[in-house]
Amino acid sequence: RAELLGIVTVDEHGEMNLARLTREQSARRFDIGPVEYIDVAMPGDTHLACVKTGLYLIRDTDQPIAVLFNKPAYSWQDVLKIEVMAAEREVAERFLRQLTRMTKHGNAYRGHVLSVQQDCQGSTTVVFHHLPRIDRNEIILPEVLLARIERQTMSFSRNAERLRAAGRHLKRGILMHGPPGTGKTLSAMYLVSQMPGRTVILLTGGGMGSIETACKLARLLTPATIILEDVDLIGTERGHQTVGANALLFELLNQMDGLADDADILFVLTTNRPDVLEPALASRPGRIDQAIEIPPPDADCRRRLFELYGRGLEMQITNMDGLVERTNGVSAAFIRELLRKAAVFAAEDDDAAQLIVRDRNIEEAMTELLVAGGALTQSLLGASGVG
């Protein structure tokens with residue numbers, strides 16, 4: 001049984017806490033008022049109104065307990081302060097431990113896809129994301145290579161309890177490297193789709209500065225997966241880095257080393273530049289257990305890519321074998337963009353309900369990507385050197 005009261009400060013600079021509320025003289029600086037709430041974003045574009053400032057008066061097995069939620073107005077960090085008071089200290093401690101357990105095992109963040117961002121003052125914001133489901137037939141890689149990726153990631157998750165019982169450690173890391181556009185990010189998204197129930201934390205761009213917070217959150221919400229894209233941005237050799245990047249690298253290494261062996265946390269790292277990656281990150285067991293190269297697609301994979309990205313189009317190509325051979329050395333991203341541009345040219349040819357992609361549309365798209373687009377477009381799509 002609980003009653004929620006709002007507390008307001010009469011003195012703008014008066015710090016609110018339970019000790020002051022219990023003393024007659026200091027309590028005069030506070031008054032009963034409306035409960036303050038803060039709107040928190042949740043998964044699926046939903047929101048939750050959470051108490052920002054309020055006093056709960058609780059009866060728990062006939063023991064009165066006071067719980068004060070207060071978001072300090074002048075704190076340089078975005079924090080929520082919680083105080084508990086009871087007639088007996090043990091009662092307050094037991095309640096606070098129970099509240100902590102409920103927070104750790106709650107469902108607000110568990111099992112969702114998150115990113116963690118920090119501002120210059122250290123305030124943390126958790127952002128929810130929705131990743132599209134990726135099926136196995138959408139990952140166009142050689143079967144042996146895909147099986148290796150699955151064994152290092154999904155097999156551990158399926159057999160976590162048996163491995164833990166046998167004394168095998170569960171923390172692990174996989175580094176996927178290769179040219180741009182070969183499917184590293186798509187493979188990471190596939191792993192997320194195939195391991196439901198795991199909390200997924202994305203670290204990209206500005207979020208790289210939140211490594212410590214992200215790893216703490218992952219430990220709290222195990223089983224968890226931490227995905228760091230373009231890890232070479234913080235993991236290049238120490239001699240080629242700025243001071244800030246070095247600090248992030250050291251923090252990443254410390255966090256990976258500091259995990260308990262039975263922590264079911266998977267690190268998935270991607271990079272286009274394995275040649276400059278920090279050796280301590282790339283080669284030391286316990287940090288990264290497996291480095292897997294994602295190469296440009298071979299002829300069989302290129303044929304499957306044309307089939308995959310040609311769905312919804314009527315492909316009237318006279319020499320598909322020649323097209324597959326001609327695109328030797330390109331990435332999956334190049335083939336996807338090639339068919340997208342060919343579809344645009346096909347749409348300009350006629351206004352039929354179904355787009356018909358013909359040889360001339362492929363040629364027009366190829367010219368735009370390889371000639372008009374220049375070297376930068378070729379590099380971005382993983383087609384450098386292709387004629």
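What share of the contacts in the protein with a separation of 6 or more comes from residues 24 or more positions apart? Such residues account for 64% of those contacts, where contact means heavy atoms within 4.5 Å.

**Before selecting anything**

This is a predicted model, in which local features need pLDDT of at least 70 and side-chain atom pairs count only at pLDDT 80 or more, while totals for chains, interfaces and linings use all residues. Residues are numbered from 1 along each chain as its sequence is written, and side-chain values use heavy atoms, with hydrogens and water left out.

With the whole protein in view, there are 15 helices and 15 strands, taken as DSSP runs (helices H or I, at least four residues; strands E, at least two) and numbered from the N terminus. Of the 387 residues, 39% are buried; buried means under 20% relative accessible area, exposed over 50%, and partly exposed in between, with a 1.4 Å probe and protein chains only.

**Stop one: helix α4**

Select residues 143–158, which form helix α4, and look at R151, where the helix bends by about 45 degrees; the bend is the angle between axes fitted to the seven residues ending at a residue and the seven starting there. Then colour L145, L146, I149, E150, Q152, T153 and M154, which are buried.

**Stop two: R172**

Move to R172 in strand β9, a buried residue with a relative accessible area of 2%. The side chain of R172 reaches the backbone oxygen of Q152 at 3.4 Å, and a polar contact of 3.0 Å joins the side chains of R172 and D264. A polar contact is a pair of N or O atoms within 3.5 Å; within protein, one must be able to donate a hydrogen and the other to accept it, and residues adjacent in sequence count only if both atoms are side-chain atoms. Neighbours within four places in sequence aside, the residues in contact with R172 include T153, F156, R198 and D289.

**Stop three: the cavity**

Searching the whole structure gives 1 cavity of 30 Å³ or more. On a 1 Å grid over the protein atoms alone, a cavity is a set of points where a 1.4 Å probe fits but cannot get out, a pocket is an open set with protein on both sides within 12 Å along at least five of seven lines, and lining residues have an atom within 4 Å of a point. The largest cavity has a volume of about 40 Å³, and to display its lining, select A188, L191, V192, M195, R198, V200, T225, I227 and V268. Two or more lining residues come from each of α6 and β11 (224–228), and α6 gives the most, with 3 residues.

**Stop four: the largest pocket**

The largest pocket has a volume of about 1800 Å³, the space filled by probe spheres set on grid points joined across faces, edges and corners. Centre the view on V40, C50, L80, T103 and Y109, which lie nearest the pocket's centre among its 41 lining residues. The elements giving two or more residues to this lining are β3 (36–42), β4 (46–60), β5 (63–70), α3 (89–104), β8 (124–129) and α7 (211–220).

**Last stop: E88**

Finish at E88, in the loop between β6 (81–86) and α3. E88 is partly exposed, with a relative accessible area of 41%, and its C-alpha atom is separated by 9.4 Å from that of I65, 23 residues apart along the chain.
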